Amino acid sequence: MRVATDVGGTFTDLVYMKGNGEIGFSKSSTTPPRFEEGVLNVLNESELALEEIETFIHGTTVIINALTERKGVKTGLITTKGFRDVLEIARGNRPDLFNVRYQKPAPIVPRYLRKEVEERLNHKGEVITPINKEQLKKIIMEFKKEEVKAVAIAFLHSYRNPVHEKEAAEMIKEIWPEVSITASYELTKEWREYERTNTAVMNSFVKPIASSYINRLEEKLADKKVTSKKYIMQSNGGTTTFSLAKEAPINMVESGPVAGVFGSAILGKIIGEENLIAFDVGGTTAKCSLIENGNVKVSTDYHIEKTDRWAGYPLKVPVVDIVEIGNGGGSIAWVDPVGSLRVGPHSAGSVPGPVAYGQGGEEPTITDANLITGRLSAKNFSYPVDLQRVREVMEEKVARHFDLQVEEAALGIIRLANSNMLNALKLISVRKGYDPRDFAMVAFGGGGPLHATFLAKELGIRKVVVPVASAVFSAWGMLMTDLRQDFVKTYVERLDHINLNEMNKEWELLEGQAIKQYTQEGMNEASIVFSKYADMRYVGQEHTVKVPLPAIEWSPETLQQIITSFHELHEKSYTFQLPEAQVEVVNLHLIAFSQVEKPKMKEMKQAADTQAPLKERRKVYYEETGWMETNIYNRNDLAPGMRISGPAVIEDLMSSILLYPSQDLEIDSYGNLVIYNGGAEHV
């Protein structure tokens, strides 16, 4: 049996899958700051025989929370002489161009804890000035005096040759073995001095936090006799071992959200949909990502807290290309100082939660708005719901200010949340040259199915798929993952005079590094599979395009195929190509998968009657028509082959699906709900 747990901002989810394809799931409140307690709670509530777990996979928000809330440890930085202020200088581009008061993000490490040491390599990685160990020793003593808990090392050109970073790390371990250390070469061998330094600093900032959390979780699982293989979800869409996760926790920055994206790609292959938009709405945030031809997009140009007016903090690690906004079920609706209605990014979380939870929440949320409009039923909440109190809060905080009826105010909150989600969906599709009408949508999370049908109508998306266990689908995605490590190396070379033998040797070195890492973790070399990419650009350009490469060695013939692919992908990304211009490679990107055996989804028995059994009827408030008498169905009563026409609501204890009058629904052979917009052909 494989078990996955996913710690979200509001809930901790669990999904298990047995070898015969049987799926089960459970949900419990997240328990900050002792997140491992929530994991143990959901394991207990699932009533599983824990000793039967063969594989345990975990996703967590611990790392992103520690970064965004600045709750890491006191960190020091050691860098090359003359580069102390690289974190302060950052990049010259200013997102908020006309804001004369714009300030760059403050470095995680204050200036007095950023120290310089004499050492220098040239751009080829050749030693010009040896490292000054006396200076280094003095810096270590100063950090000790300041009670620093973690040290980051980032030297100029160490991506080409990490010799000085290795020497510095060894000296620190010898003098000060108890301090946590991160050398930049351990995380990335990609150029960009500022981004690489910031990545090393952020990893150091959270490394003791991650180690403590993972150790506590391991101890709790051991107490429960869970002796299975244990893995943690990474931001690249794959898993890694607990031990590797403790060394490079920055690779877990989007641990939970990306699992749902990867799960969507797996589900798409099963149901024959290669082009998908993954859409996830949880209790705190809404996330979306685009999948083309079954491929999840991964980039090393990730930023924490980046917006159209804020530069954020760069991380040079592989992360699934995902857009995340602060609009989830618990997102609070509020009136700003100029009198405009806002939704999010602040969330009521699981404690006190929405007003409907009756746990002390005093601010209206998206969940409360959906309850008032009849899209959610008070019967499905785990807490006794005082609907009158929910209406009173909505009246006091929103409706009265705008002179609206309570249900109109609630619908206004839903409209605004949908608008925010729509903008996020456009960022990953329309803004990148994709037509949403060419994609199906996979909607999951507690709130995804509730909002997806409206968004699909607005974007012209033909089909929405709501998977089985949609509320815990990110955890399901973890069950279907392989172990994955990304190895990215800067290798700048023009293709018109490239040495193919040297290029093939570079790939061999990366493959050898991957095999060594996996075999040290006890993996079978025969299970390792490689995928190759190259970041390429026209000579003289700044931006690159990630080009998939053939698995075979580079030859004059394959080189021409690669160049042709680059031209085509460049035109798709930037609307033009320059066939006469010279092309160069910038980065080599090797993805190493260690494949693990996964259970197969089990097909369900077809229903004898296509008529879905009706649970009840109630009024639901719609955008265009107002209150309408609506059929309500229980998802657990539905079987493959059944059909439902809107308006309708399909409910379970963890989620609800809203069907508009122009939409139809079918249940496929795996139990997924497939919703078609009016006019779309049923396929």
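The buried residues of helix H11 (387-402) in this predicted model are Val390, Val393, Met394, Val398 and Ala399, where buried means under 20% relative accessible area, exposed over 50% and partly exposed in between (1.4 Å probe, protein chains only). Helices (H or I, at least four residues) and strands (E, at least two) are DSSP runs, numbered from the N terminus. The cover over the buried residues of H11 includes strand S22 (341-347), H10 and H12, contact being defined as heavy atoms within 4.5 Å. The 16 residues of H11 should span 22 Å at 1.5 Å a residue, in agreement with the 21 Å between its end C-alpha atoms; the expected span of a helix is 1.5 Å times one less than its number of residues. H11 bends by about 50° at Glu395, the bend at a residue being the angle between axes fitted to the seven residues ending there and the seven starting there.

Residues are numbered from 1 along each chain as its sequence is written. Because the model is predicted, local features need pLDDT of at least 70 and side-chain atom pairs count only at pLDDT 80 or more, while totals for chains, interfaces and linings use all residues, and side-chain values use heavy atoms, with hydrogens and water left out.

Asp403 follows H11 and has a positive phi, near 55°. Asp403 is placed in the loop between H11 and helix H12 (406-428) and counts as exposed, at 71% relative accessibility. A positive phi of about 55° is also found at Asn293, which is not a glycine. Asn293 is in the loop between strand S14 (286-292) and strand S15 (295-296) and is partly exposed, with a relative accessible area of 49%.

Helix H10 (residues 366-372) holds Leu371, which is buried at 5% relative accessibility. Not counting residues up to four places away in sequence, Leu371 touches Ala356, Leu376, Ser377, Ala378, Phe381, Val385, Leu387 and Val390. Leu371 and Val390 are 19 residues apart in sequence, and their C-alpha atoms are 8.6 Å apart in space.

Helix H13 (residues 448-459) is mostly covered, with 10 of its 12 residues buried. The buried residues of H13 are Gly448, Pro449, Leu450, His451, Ala452, Thr453, Phe454, Leu455, Ala456 and Leu459. Just after H13, Gly460 takes a positive phi of about 75°.

A nonpolar core is a set of buried Ala, Val, Leu, Ile, Met, Phe, Trp, Tyr and Cys residues joined through side-chain atoms within 4.5 Å. In soluble globular proteins, nonpolar side chains tend to be buried together. The largest nonpolar core has 73 residues, of which Val3, Leu67, Ile78, Val151, Ile153 and Ile304 touch the most other members. Helix H7 (residues 193-223) supplies the largest share of this core, 11 residues. Another core, of 67 residues, lies apart from it, and its members include Ala333, Ile366, Ala369 and Ile632. Leaving aside neighbours within four places in sequence, Ile304 is in contact with Ile64, Leu67, Thr68, Met202, Val253, Gly312, Tyr313 and Leu315.

Strand S11 (residues 229-233) is largely enclosed by the rest of the structure, since four of its five residues are buried. Two strands pair if DSSP finds at least two bridges between them. S11 runs parallel to strand S4 (residues 55-59), to which four bridges join it; Thr55 stands opposite Lys229 in S11. With strand S12 (residues 239-241), S11 pairs in the antiparallel sense over three bridges, and the bridge partner of Met233 in S12 is Thr239. S11 and S12 form a hairpin with five residues between them, and Gly237 in the turn has a positive phi of about 95°.

Val529 lies in strand S26 (residues 528-538) and is partly exposed, with a relative accessible area of 32%. Beyond its neighbours within four places in sequence, Val529 is in contact with Ile591, Ala592, Phe593 and Gln595.

Cis peptide bonds occur at two prolines described here. One joins Pro32 and Pro33, with omega about 0°, and Pro33 is in the loop between strand S3 (23-29) and helix H1 (35-46). The other runs from Gly646 to Pro647, with omega near 5°; Pro647 is found in the loop between strand S31 (643-645) and strand S32 (648-651).
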